[in-house]
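Subject: Structure handover

Hello,

Please find the structure below, for your files. My notes come after it.

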Amino acid sequence: MVKKDNTFSLFDFCKKRADKVRVFGQESLDSDGNLIPFIDQAALVTHYLQLKDSTISLPYNDKANSILNLWYEFIKAEKQIHSYQYGCVADTLTAYQGFLFPDLFQAPFQASKNPKFTFIDLFAGIGGFRLAFQNLGGQCVFSSEWDEQAKKTYYANYGEVPFGDITKESTKNLIPKNFDILCAGFPCQAFSLAGKRLGFEETRGTLFFDVAEILRRYQPKAFFLENVKGLVIHDKGRTLKTILNTLDEVGYVVPDPKIVNAMYFGVPQHRERIYIVGFRKDLGIKKEDFKYPEQKEVTKKWIDVREEQPVPAKYYLSTQYIATLINHKARHEAKGHGFGYNIIPDDGIAHAIVVGGMGRESNLVIDFRQTDLTPTTRIKGEVNKQGWRKMTPREWARLQGFPDDFKIVVSDASAYKQFGNSVAVPAIQATAKQLLKPLQENGIIGK
């Protein structure tokens, strides 16, 4: 007789579409009497469960505990769970927490039990910053991300559902006080107001303003921001100047930003991004106390991250698709443009992976290992026999420095988007290590 599986997986529950799931009760209402959406309830509950044994004071402690009790009653009724089935002494919430949320407590990337410092993860995506800082002994005490698919990946790997839109005051108010470091790969915006005036006020209306506002309000010891390298020249440099002036106004010493290329930190991807770090002025840390990591040599090639086994035929291009790519590139070359597909040689370095078809087309590879080229998806023409294929999501994960036990739990389309939007973990970690040095050397955080 097969034993019935009564376990409750929050991720499986969310696959029903978190925006359609409703768990009702007085506890599930916000201060205005509106129902807290299920995904936001999940953020409260998972943050609470991950941090309830820490020394962090959670501003939502009572609300999260109340919702957890509501969930407990709801799930127990839905699954028809009884304490005697699993040898529990009493019908208590504590007895069932590990049973009801196995995927939360078994997420592969858990924070250190004895963290050296704390940080928050804004515009979190799939947690590239989190992974880097956890590897250095940090504990994430707050995460925020608006994309629902990215939240699923984040939860599957860290056991925590990020809070939602950080531009909302209600979300900002959930951030615990006295965290050490703010991390944010804030999205690139037009910064249409930048350059007309200098200072804090002109960043309003951009997502950077929300980062600056959180820095002003919570005054963490340090921050680490990441953005596209085009930020350096945007609006003839006035946008970056406005950002730096704003960071100065909210109380931070900011060493000169630097463009860092991920290919010098153990991933075969030519990915240049601007890094901006800062230290709270009253800590006495000077600009010259911080040094960006040296960018010395390239140690990995594309072949080093290629899938070990032949990949499915669905990743191979159709003959008609290849013809379209060739014609498209020829048209641009005739006009003197360099647009079009690129094939990365085995000993080559991938171009920066980005969201959209162009990101895949600029990183095509030749791979003859797959012999079964029977189409498994609808295509025009037939699967090519010249070995042309796009990289897989796992290969993109490796290009960004994510370990192979990082779970990919979404569709290929979503996975490409998530890895394309992510930070390169090894480059972030190398810079984060440098960021921590003056804080540790001055006894501001633990070593």
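The notes below go from the overall fold to single residues.

This is a predicted model, in which local features need pLDDT of at least 70 and side-chain atom pairs count only at pLDDT 80 or more, while totals for chains, interfaces and linings use all residues. Residues are numbered from 1 along each chain as its sequence is written, and side-chain values use heavy atoms, with hydrogens and water left out.

Confidence. The mean pLDDT (the predictor's confidence in each residue, from 0 to 100) is 86 for the protein, and 84% of its residues reach 70 or more. Two stretches deserve a note. Over residues 81-92, pLDDT stays under 50, and the model has 24 contacts beyond four places in sequence for them; a contact means heavy atoms within 4.5 Å. Over residues 189-202, pLDDT also stays under 50, with 36 such contacts.

Overall. The protein has 15 helices and eleven strands, taken as DSSP runs (helices H or I, at least four residues; strands E, at least two) and numbered from the N terminus. Of its 447 residues, 51% count as buried. Buried is under 20% relative accessible area, exposed is over 50%, and partly exposed is in between (1.4 Å probe, protein chains only). Among contacts between residues at least 6 apart in sequence, 70% join residues at least 24 apart. The accessible surface (Shrake-Rupley method, 1.4 Å probe; for residues, only the protein chains shown count as cover) comes to about 20900 Å², and 50% of that belongs to carbon and sulfur atoms.

Cysteines. The structure holds zero disulfides, a disulfide being a pair of cysteine sulfur atoms within 2.5 Å. For C140, the nearest cysteine sulfur is that of C183, 7.9 Å away, which is too far for a bond. C140 is buried at 2% relative accessible area, and C183 is buried at 0%.

Backbone. Most residues other than glycine have a negative phi. F123, not a glycine, has a positive phi of about 50°. F123 sits in the loop between β1 (117-122) and α6 (128-135) and is buried, at 16% relative accessible area. Q219 also has a positive phi, near 50°. Q219 lies in the loop between α9 (207-218) and β4 and is partly exposed, at 27%.

Surface. V232, I233 and I259 make a nonpolar surface patch of about 250 Å². I233 is in the loop between β4 (222-228) and α10 (238-249), and at 66% relative accessibility I233 counts as exposed. Patch residues have over 30% relative accessible area and no salt bridge; like charges are joined within 9 Å, and nonpolar side chains (Val, Leu, Ile, Met, Phe, Trp, Tyr) within 5 Å. A salt bridge is a side-chain nitrogen of Lys or Arg within 4 Å of a carboxyl oxygen of Asp or Glu.

Regards
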